[in-house]
Amino acid sequence: MSTAGSFLWGAASAPHQIEGNNVNSDFWANEGRVPGMERSGDALDSYHRYEQDMRLLADAGLNAYRFGIEWARIEPVPGLVSRAELAHYRRMIDTAVRLGLTPVVTVQHFTAPRWFAEEGGWLGERAVERYAAYVDAAAQILEDVPWVVTINEPNMLAMMVTMQKRTLESQGEWQSPTVDTDDDRTVDTRAKLPAPDPGIGAVLAAAHHTARDILHERTDAAVGWSVANRAFACRPGAEDVFARLQHVWEDLYLEAARGDDFIGVQAYSSQWVGPDGIEPHPPHPDNTLVGSAYRPDSLGMAIRHTWGVLEGTVPVVVTENGIATADDARRIRYTDAALRGLFAAVDDGIDVRGYLHWSLLDNYEWGHWGPTFGLASADRETFVRTPKPSLAWLGDVARRGRP
């Protein structure tokens, strides 16, 4: 198991958001069926153009790329493992290495096969068993990958499954994962989301631990999972509510990382918790394209909170951090401030191993094409990639070693 090497400087992506035509996935099945949800379609055709994507990072002077492998492609029906798809993702790993990029591979980034959802998904009796079989199959191409993320944002995944469970209980039929589809993407709707059911969180933790054991046995990878850090702040008099919400939204998942080789921190903004719960952020000219507050300090907050919960026993990798904005100069200002918070934490003795920006490309944001997080844009008709100034800027920061 290896966690050694230089500080990771790079960017991240998720397969469903960039590959295109992930037709066997549960999310694809929902697209076009849920009001207000756009289709991913060809996405950015990164399934075929992944080397172009990786060259953007390598040419900018960055040294790492976080990308995912897609369960729905690898196991299109239960027990049938596609050797061709495993070979495809192995070519991606080899291409990254050839270009001087350390691959950080995500095994499950929200989406799952349609058959898994129809079988009950993460609420099904065989959920952990099914996931473990997939991880065991995938491990054969991950043997020498240095960093593996088992599950992306399990707390947000648990929230989505909680929504499914409520639908199932009220309507008596199964629905695959959905996200909020408010037509006005400048309105912060996160406070409306239901708290993730801790029972579902326990299932995901069991799946993570099972996957970790398999990957430790079959590979040399450093293994962890990545948590959506909410960077909650407490209003006076709301301490009990704050403690309860912080546990069910975040700390339950951080505590499940004890014994991991690293913990992925993913932070974008901060939210206040008052006596009535999480407060919706009001409309403001500084809000991002998804309605969240402009809070680059949230990254430092998240790193410090994570380190504290895990009592300094698990190294941190920032697996996502970024801003939804059409103003690239603003992206640079946000990222500069976020990185200053990161390195202030490092100076205070916190073990941070890397920074992976979200995202490499403007991509499909789980039902919507509007929010732009990318260090590069991509024409959805020609698929031409165009680097933004922020990509070169981040490369310069990486060469210096800090902002």
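Let me start at Arg399, which at 54% relative accessibility counts as exposed, where exposed means over 50% relative accessible area, buried under 20% and partly exposed in between, with a 1.4 Å probe and protein chains only. What we are looking at is a predicted model, in which local features need pLDDT of at least 70 and side-chain atom pairs count only at pLDDT 80 or more, while totals for chains, interfaces and linings use all residues. Residues are numbered from 1 along each chain as its sequence is written, and side-chain values use heavy atoms, with hydrogens and water left out.

Arg399 meets Asp396 through their side chains in a salt bridge, at 2.7 Å from N to O; the term stands for a side-chain nitrogen of Lys or Arg within 4 Å of a carboxyl oxygen of Asp or Glu. Asp396 and Arg399 are 3 residues apart in helix H13, and are therefore separated by about one helical turn. Helices here are DSSP runs of H or I with at least four residues, and strands are runs of E with at least two, numbered from the N terminus. Asp396, at 36% relative accessibility, counts as partly exposed.

The structure holds 23 salt bridges, and a few others deserve a comment. The side chains of Asp362 and Lys388 form one of them, at 2.9 Å from N to O. Asp362 lies in the loop between strand S11 (352-358) and strand S12 (376-378), and Lys388 in the loop between strand S13 (385-387) and helix H13 (389-400), so this pair ties together parts that are 26 residues apart in sequence. Asp362 is buried at 14% relative accessibility, and Lys388 is also buried, with a relative accessible area of 15%.

Arg49 and Asp45 are joined by their side chains in another salt bridge, at 2.7 Å from N to O; Arg49 counts as partly exposed at 24% relative accessibility, whereas Asp45, at 13%, counts as buried. There is also a network of salt bridges, which links Glu51, Arg55 and Arg98.

Turning to helix packing, how do H8 and H9 cross? The axes of helix H8 (residues 154-171) and helix H9 (residues 198-218) come within 9 Å and cross at roughly 130 degrees, these axes being lines fitted to C-alpha atoms over the stretch in contact, with angles running from 0 to 180 degrees between N-to-C directions. That makes H8 oblique to H9, since angles under 35 degrees count as roughly parallel, over 145 as roughly antiparallel, 65 to 115 as roughly perpendicular and the rest as oblique. On the H8 side the contact is made by Pro154, Leu157, Ala158, Val161, Thr162 and Lys165, and on the H9 side by Ile200, Gly201 and Leu204, where contact means heavy atoms within 4.5 Å.

The peptide bond from Trp358 to Ser359 is cis, with omega near 0 degrees, and Ser359 has its place in the loop between S11 and S12. Phe383, in the loop between S12 and S13, has a phi near 65 degrees, a positive value in a residue other than glycine, and Phe383 is buried, with a relative accessible area of 10%. Asn21 likewise is not a glycine and has a positive phi, of about 55 degrees; Asn21 lies in the loop between helix H1 (15-18) and helix H2 (26-30), and is partly exposed, with a relative accessible area of 38%.
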